[in-house]
Amino acid sequence: MFIRAATLGLVMISLAGCGSAFANRSGSGVEATRLATTTPRPAAFDRWIDGFRARALTQGIEARTFDRAFSGIGYNEDSLRRDAHQPEFTRPIWAYLDSAVSDTRIENGRAMLRDHASTLAAIEARYNVEREVVVAIWGLESSYGQLRGTTPIIESLATLSYEGRRTAFFEQQLVAALRILQAGDVAPAGMVGSWAGAMGHTQFIPTSYLEYAVDFNGDGRRDIWADDPTDALASAAAYLSRFGWTRGQPALVEVRLPRGFDTQQAGQRRTVQEWAAAGLQAQPGNRMPASGEATLMFPAGANGPALLTFSNFRVIKRYNNADAYAIAIAHLADRLRGGGTFVGNWPRDDRPLTAGEREELQRVLSRSGHYSGEIDGRVGSGTLSAVRDWQAANGMAPDGYVSLALLERMRRQ
Ligand SMILES: [Ca+2]
């Protein structure tokens with residue numbers, strides 16, 4: 001779980017792991033076979049640790065806690081390497097959904113619903129979050145606990161705090177991790193996770209753990225690291241509950257558009273009655289709720305599936321601020337309930353733009369006055385926002401869907 005600074009947009013999501021609850025998480029299985037990458041500590045790192053120790057102690061970390069946590073830690077080059085090599089290529093949302101909501105993940109999720117039925121029922125009763133949603137998060141975050149990460153958290157966060165692209169962020173997480181150790185919820189050796197600090201079955205980063213994790217099985221420890229997923233699952237439910245989850249409301253509903261529908265209404269939020277009056281109907285297998293406001297979204301352009309997203313969709317995005325992630329969680333939960341696949345067709349023949357084409361796109365947007373960022377071929381929130389503005393200015397549905405067809409249309413301007 002990592003709250004991204006900016007969404008990666010409607011269409012493309014980084015390849016940072018299928019689960020991707022943590023924006024920078026590694027791909028599946030890599031950590032399980034991690035080679036020994038701890039190298040001797042550079043002298044400058046030792047000096048940094050001394051300085052950080054003083055800072056940590058002023059923030060309430062006891063010397064004993066600190067020294068025990070830092071005893072024998074190394075310099076984690078593996079984490080640094082991963083931090084430096086952020087995924088630059090993207091894949092289309094349908095390819096992401098193919099793996100995020102694969103048949104295997106659905107099948108395993110249904111097994112988890114059976115195996116942990118009583119625990120999930122108790123969590124659902126306490127937090128008013130449907131069990132299928134909790135299990136979907138578990139499935140995407142750690143493949144139902146199979147990929148919780150084996151990186152020593154203190155070592156990794158210390159290395160990234162000393163020398164990384166986001167030292168302030170990681171130092172904040174490191175202090176939070178020390179607080180967790182100080183509280184005795186886990187021993188230093190047991191505090192493992194992904195290379196960038198996401199821990200346990202539902203991949204909480206330390207600050208989120210401190211704020212939202214719960215001891216659900218009542219043994220006095222908030223243990224998200226144990227094989228027993230009870231505390232981790234309850235913590236995920238508690239997190240969604242705190243951000244306003246509404247039980248009984250869908251996160252998204254796939255809809256059918258009436259003939260001649262004005263697709264420029266993408267991105268608008270209206271009541272379900274207003275959308276119904278505009279001619280939108282739930283696709284087969286979907287049910288429109290009786291009330292609520294929803295935003296119309298075309299995650300793969302106006303020729304792909306049309307979705308109405310409700311407030312619960314935005315709650316899921318508090319877990320990971322990417323539309324594709326929220327669509328995957330909502331869809332996996334639906335599939336776990338026995339729902340079907342999307343009715344609309346994904347434009348699978350579309351290919352992602354090359355780096356050169358993405359730069360060309362940015363130059364066009366820049367020339368037309370919609371984009372003032374760097375021409376770097378990275379399609380982030382700034383570029384996608386400019387794409388939406390360009391589309392609206394040119395009479396298209398402002399879906400932010402970046403495709404070759406869009407670029408070709410721009411070339412014709
Ligand atoms: Ca516990």
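When residues up to four places away in sequence are not counted, Ala237 touches Ile123, Tyr127, Val129 and Val134, where two residues are in contact if their C-beta atoms, placed from the backbone, lie within 7 Å. This is a predicted model, in which local features need pLDDT of at least 70 and side-chain atom pairs count only at pLDDT 80 or more, while totals for chains, interfaces and linings use all residues. Residues are numbered from 1 along each chain as its sequence is written.

Ala237 is also one of the four residues, together with Val134, Ala328 and Ile329, that touch the most other members of the largest nonpolar core, which has 104 residues. The largest share of this core, 10 residues, comes from helix 14. A nonpolar core is here a set of buried Ala, Val, Leu, Ile, Met, Phe, Trp, Tyr and Cys residues joined through C-beta atoms within 7 Å. A residue is called buried if 20 or more other C-beta atoms lie within 10 Å of its own, exposed if 12 or fewer do, and partly exposed in between, with the C-beta atoms placed from the backbone. In soluble globular proteins, nonpolar side chains tend to be buried together.

An open sheet of 5 strands has the order 8-10-11-7-9, and its pairing is antiparallel. Strand 8 (269–271) and strand 9 (281–282) are the edge strands, since each pairs on one side only. Strands (E, at least two residues) and helices (H or I, at least four) are DSSP runs, numbered from the N terminus, and two strands pair if DSSP finds at least two bridges between them. Strands of a sheet pair through backbone hydrogen bonds, either parallel or antiparallel.

Strand 8 is joined to strand 10 by 3 bridges, and Thr271 has Glu293 as its bridge partner in strand 10. Strand 10 (residues 293–297) is in turn joined by 3 bridges to strand 11 (residues 306–309), with Leu296 opposite Leu308 and Met297 partnered by Leu307. Strand 7 (residues 252–256) and strand 11 run antiparallel and share 4 bridges, and here the partner of Leu252 is Thr309. Both faces of strand 11 are covered, as Ala306 and Leu308 on one side and Leu307 and Thr309 on the other are all buried.

Helix 5 (residues 103–115) has 13 residues, which at 1.5 Å a residue should span 18 Å, and its end C-alpha atoms are 18 Å apart, which agrees; the expected span is 1.5 Å times one less than the number of residues. Which residues of helix 5 are buried? They are Arg105, Gly109 and Met112. These three cover an arc of only 60° around the axis, which puts them on the same side of helix 5, the arc being that of the directions from the helix axis to the C-beta atoms. An α-helix has 3.6 residues a turn, so residues three or four places apart point the same way. The buried residues of helix 5 pack against helix 7 (131–142) and helix 14 (323–336), whereas residues on the other side, including Asp103, Glu107 and Arg114, are exposed.

In helix 3 (residues 77–84), the buried residues are Asp78, Ser79 and Arg82. They cover an arc of only 95° around the axis, which puts them on the same side of helix 3. What covers them includes strand 3 (75–76), strand 5 (151–152) and helix 8 (153–162), while Arg81 and Ala84, on the other side of helix 3, are exposed.

## Residues in loops

Most residues other than glycine have a negative phi, and most peptide bonds are trans. Asn128, in the loop between helix 6 (117–127) and helix 7, has a positive phi, near 60°, and is partly exposed, with 14 other C-beta atoms within 10 Å. Gln203, in the loop between strand 6 (192–193) and helix 10 (206–212), has a positive phi near 50°, and with 32 C-beta neighbours inside 10 Å it counts as buried.

Gly244 lies in the loop between helix 11 (230–242) and strand 7, and counts as exposed, with 11 C-beta neighbours inside 10 Å. Leaving aside neighbours within four places in sequence, Gly244 is in contact with Ser311 and Val315. Gly244 and Ile316 are 72 residues apart in sequence, and their C-alpha atoms are 9.9 Å apart in space.
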